[in-house]
Amino acid sequence: MVQSRPVAASRGLRWIGEGFALFKKSAAMWLMITLGLFAAFKLILLIPFIGVVAMLGLPIILVGLMEGCRAVDLGQPLKPAYLLSGFVRNTAALALLGALYLLGNLLILLIIITLGGDSLMQVLKFTAERKVTPENMHLIREAVSQATMAVLAGWALSIPLTMACWFSPLLVYLHDMRPLPAMAISLKACLQNLMPFLIYGAAWFFALMIVTPIAMATRILDLGMWLLAPVVIPSLYASYRDIFVAVESPPSAGAATP
């Protein structure tokens, strides 16, 4: 049975360092792959409803990127063909995992709307119509307070969902696990390592704040995340290798051959 292990808090920063080391080994190819994915996602989002359905394929693309990380880690060249790995091994289970992630996000969105949807719309209406006056200021404050509580509730619910999906694609792909057990083990692994993940998340948040002005200047709000992606992706692999090192399987025979 697949098991996780707790690691030292300092490993959170170490994962980023190891991710950067993997990035440096194939920097040009990492930049090319992430640029290609960025362009592909932007095109997909232009097609109505397809962007939502595309979330089903996120675990499939992710395990392909992880196969690329493993190849670089083993001294092999990084090639775009590794992105196809998820299409030749446990593809249905990975797609189901994507569906569960999509369902979880939709439920969280529904909760946010239920708790504060009317308040949020009221705030946006007052702001858009420039009807903020001393007379209605107390109404706006109440609406902002309720909308803020709804968003915070959604954020709190998104944390365990993210934890459950952090390692689960790799557990499904490498260890032939079913999606729900994989999500349970991923959640357990993250809870076992709260301190390193807090440090890891804080470091990436600080880095995101540094690149956010670039995103704002270009009016591409998610550009900051994409600029960090060439190191974030290998750092995810580094965290998996560290926490599941004792049970990691050898490179899959079913992986796409570059």
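Buried means under 20% relative accessible area, exposed over 50%, and partly exposed in between, using a 1.4 Å probe and protein chains only. Keep that rule at hand for the exercises below.

This is a predicted model, in which local features need pLDDT of at least 70 and side-chain atom pairs count only at pLDDT 80 or more, while totals for chains, interfaces and linings use all residues. Residues are numbered from 1 along each chain as its sequence is written, and side-chain values use heavy atoms, with hydrogens and water left out.

**Exercise 1. Get an overview of the chain.**

Task: find how many helices and strands the secondary structure of the chain comes to.

Step 1. Helices (H or I, at least four residues) and strands (E, at least two) are DSSP runs, numbered from the N terminus.
Step 2. The count comes to 10 helices and 0 strands, and the pattern along the sequence reads α-α-α-α-α-α-α-α-α-α.
Step 3. Of the 258 residues in the chain, 41% are buried.
Step 4. Contact means heavy atoms within 4.5 Å. Take the contacts between residues at least 6 apart in sequence: 76% of them join residues at least 24 apart.

**Exercise 2. Work out how H1 meets H2.**

Task: find the angle at which the axes of helix H1 and helix H2 cross.

Step 1. Axes are lines fitted to C-alpha atoms, for helices over the stretch in contact, and angles run from 0 to 180 degrees between N-to-C directions.
Step 2. For H1 (residues 11-25) and H2 (residues 27-45), the axes come within 5 Å and cross at roughly 95 degrees.
Step 3. Angles under 35 degrees count as roughly parallel, over 145 as roughly antiparallel, 65 to 115 as roughly perpendicular and the rest as oblique. H1 is therefore roughly perpendicular to H2.
Step 4. On the H1 side, Leu-22, Phe-23, Lys-24 and Lys-25 make the contact; on the H2 side, Ala-27, Trp-30 and Leu-31 do.

**Exercise 3. Compare two loop residues.**

Task: where are Asn-90 and Asp-176 found?

Step 1. Asn-90 sits in the loop between H4 and H5.
Step 2. Although not a glycine, Asn-90 has a positive phi of about 55 degrees.
Step 3. Its relative accessible area is 27%, so Asn-90 is partly exposed.
Step 4. Asp-176 is in the loop between H7 and helix H8 (179-192), and its phi is also positive, near 55 degrees, in a residue other than glycine.
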